[in-house]
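Look at the model first, then read on.

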Amino acid sequence: MGKLQRRILILVVFVSIGFAIFMTKQFSNHMQPDQSIIIATGSDAGMYSEFGGVLASNSSLPIKLQGTTGSIENLDLLRSGKVDYALVQNDLGQYSYLGIRGQEKFENLSYIIPVFPEYVQVILPKNSDITVLSQLSGRRVCIGDNGSGTYFNSIDILQDAGLRETVDFFPVNSSPFECIKAVEAGEKIDAIFLTSNRKIAAENSAFKQLLFSSSIAEALSQKFPYFRVDEITNAQGVIEIQLVVDAFLATNSDQLNDSVQQVSREIVKNWSRYQKSILTLPDISTKVETGTVPYHQEADATLVNAGLKQVNYWTWILGLPWMFLLFLCLIAERAKTSYNRMGESPIAQARYYFMVKFVGRFSQFFIGITVLVVGIAAAIFALRLTEDYYAQQSGTVSPFALMTFEDSLVWLFTYISSGFTSDNVYPISFLGKLIAAVLALAGVIAPVAGVIYLINKTHEKAQLRHQGLISSELRFTGHTIICGWNEKAPGIIYSLTGEDVDERKNVVIIANIEEQYPLEKYNLNSSYVTYCKGRPSDIAMLKKANVQDADAVIILADFDGDETHNKGSILCAMNVRKENPLVHICAEIEYLDNIDYFTASGCSALLYPALLATRMAAATILSPQILDYVFDMVTYHKRDSLYSKRASDLFAGKVPSGHLIRQLEIDMLRRGVNVVGVIDGNQKTSLYDAAFETNNQSHSLLNEADSSKVLQEDSVIIYSARRAKHILRDQKNSGEFEPLTKSKFQIEYPDNLSVLVVGDAEALTSIKINLGSIVKDLNFLGIDLENDNIRYIDELREYACKKFDKIVILTGQKKRASLVSIDDLDGIDTDLMLTTSLFRKAFDKCENPPEIICEIANMNNRELILNAGANHVLPTVQMASRFLTKEAYDKNHITDFLMAAMNLEDGVHLHCHIVSIDDGFEGERYDQILATQINGIRILAWRPVSQTENLRNKQGDFGFHYRTVIDHRIVSSIAREGDVLILLIKRQPEYWSSNTIPERPSVQKVMSEFQ
């Protein structure tokens, strides 16, 4: 939109609004004043006449009273202009004003003030057995003269009670007072309806009144607005519920303003004098809001000034905010296209910019609605003026000239919805017809166009959102931000937002993803996942993702890492730390030479997938069950998993003085929680390669000294449980948790092992060192992917058949870093599958073929790898995704613990033990095993022998899960021969020829040994 167009639009809007305001002033009445004031009252014996007489005798105005038969005649006289004012019953006034129930429409009718109540009475003979309205069925009922107020009131009440005239009762259409005389004369009439100020039952002892219950009276007043409920104390001091119809002093809406002002003010002023003359006259304030016809504007002002009526502030309440919002919308539209020499918006630094920015989201729509509303208002005023002018020229009466603006709006809606008839009210002049046609067309098109606009706008925003084109700052708090995109990202997001997790996280992705709609391609839940397309290191993008309120940031190595060595990730970490000094930052690294840079940039934790892969490989060589356990513990699946919690949170902010870790262990076991480690709060956690060492931050709880320590306020408890919140629940388990008396359990290590590993030099070094720390006689052969050609593997067949127990095939770090998209994972798996097939064919003819352990990049290719000859797979991508997910929930406490537990060269590590008939575990209860402190051994989990084949490490889908605690779900409560135990053990010196751990050889030394 150009500058000139915007200015024209602004001018049109304000001119239209000014025109509408100006036209509102034109609808005031202009009537020649009369010197006398004539008021139509009623019959001489009635309350209408009595009140008129009191009014005239206490007035300084020239009032003349005109006797009539009642409200119907009074309305006719008022409509014809033969009287200036008239006393009318509220319900009849509404019928006449709306032109319903056979009454001629009198839309110029206006109320001045309510004067006295008229009670809707159901009068019964004294000896009548009728107690409820439904008992009038089949009876003779006097319902008043046809067309009278009593008649309409009785029909309303009887029909509401389910009684139809002439069908369910026999109507007597006569004056109620004549019916009373008839009953006194002996005629059979069972009930008489009467709407009058007189209380017949109180005056005549031959009758009684059938009172309405409060519920029925309230229901009638809600259904019929001219009814109201009143409570009256009778002569016996009993409160009676009365249904009331008020009488009003009414006039014509074009009555002279000065006259209405004088009359209304004098009545309000003299009301207390009227009450002295008519003792039954109530306070005026109790009836003002019951009017069903609009008050005359001068009478309304009088009542407001006297405090008897509330001021209608809705015009200002709605109008002023509307104008202010319109002003902001215009500023927002200008701000969208205005900028300075730096390309920045001139008002971007203003204090109110956030408000303008928010309004800018819907400014065009709001301006359009404003123009439409103003246009319709102007058209309605033009229609009324046109029809009024035509009526004056032709000597007819125009219904539009008599309408208020609100009535005109109602007419417009009903005119459209009724098929352009609206009760036969339609314009008669040519110009009026043209305006009405335009209004009708606009009334039909505008809603449809608005719906289409909203649908298109919503779809457009959804499309932009799915493409990552977010225009405004997100409002998430406590969310997780994923910076970058690679093969691990979908798995992390599934784990953070899936239904299996206890607490689903809002996730914001900041990356440049090749796919146009990544959320749809990877089937990500858009209710929890938001994609922001851009550079993760861009501070503007981080602010848009609301990094200030984020709980965790996960920085992934982008697919261009091979060219940049992930320098962009380092810059991203620095900017994140700058914007939020307290947020937890975990970064994935692909090159060890970047560790110092990542550390200096403020990262809380680092994940090196290559190191994770080698730790997994070494553990799987010794026992595949260890890999299953780790994968099970880091997968959120509403089963046993590892969690962490600060001690201060466990004890509601204050840890009891002298609380021992051993005491905590037993208490937690009774809650269904297995404490496996405690991290001292005064120690820093490891960035990427944690280890169990003397005085290290992670207490492995493997000896009496660890458990005898006092729990600190800032200690972090690592535990396994079915739910993270179980650590806070009451003690429920019925296990005894009494330690076993046995003190020695035999743990066996393999004496010798022959292993062939295919991988890069770094992986070969790490695996050999890990295995060499456990196996006394290790025969290790490594094939370097960068230097050796595995196509000639047939030359190794004769040697390998005799030597190798296990073959491990890994993806080299260089190949991982060379990925350019997630789709390239299949290419890596194809190479691994071909390599596996070559090895299987080369060794299948051996007497004892070795087991092949193969890394896998895409879990969907698992069956292909197994069919190619692999016995076990290493899901490194999925494992890394699970570890990074744990970072978002438990920070790096869990990953530290597991990385240290899989490090075989440390003194403490994971170990798989198969229960045998002659070891110390067989036949013992698991609750006692969990509670037993055996120096150097601690049970973390177990799997009954009956479930040995049910645990499958496939996409986190387990046929059976490891058990870590005692609860109702355990299959076996006693350790049996063949049960699989996952232990955390401290390596004993007697298993080696010396007490020292072998030194870590250099890569060059290992490679020379391979030669």
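In this predicted model, helix α3 (residues 71–80) packs against helix α4 (residues 90–98) at an angle of about 40 degrees, with axes 10 Å apart. Helices are DSSP runs of H or I, at least four residues, numbered from the N terminus. Axes are lines fitted to C-alpha atoms over the stretch in contact, and angles run from 0 to 180 degrees between N-to-C directions. The pair α3 and α4 is therefore oblique; angles under 35 degrees count as roughly parallel, over 145 as roughly antiparallel, 65 to 115 as roughly perpendicular and the rest as oblique.

Which residues of α3 and α4 meet? S71, I72, L75 and R79 in α3 touch L92, G93 and S96 in α4. Contact means heavy atoms within 4.5 Å.

Take S71, in helix α3. Is S71 buried or exposed? S71 counts as buried because its relative accessibility is 7% (buried is under 20% relative accessible area, exposed over 50%, partly exposed in between, with a 1.4 Å probe and protein chains only). Leaving aside residues up to four places away in sequence, S71 touches Y48, L87, V88, Q89 and L92.

Now go to helix α9 (residues 257–277) and helix α10 (residues 297–305). They pack at an angle of about 30 degrees, with axes 8 Å apart. That makes α9 roughly parallel to α10. N257, V260, Q261, S264, R265 and V268 in α9 meet Q297, E298, A299, T302 and L303 in α10.

Residues are numbered from 1 along each chain as its sequence is written. Local features need pLDDT of at least 70, side-chain atom pairs count only at pLDDT 80 or more, totals for chains, interfaces and linings use all residues, and side-chain values use heavy atoms, without hydrogens and water.

Methods:
Helices (H or I, at least four residues) and strands (E, at least two) are DSSP runs, numbered from the N terminus.
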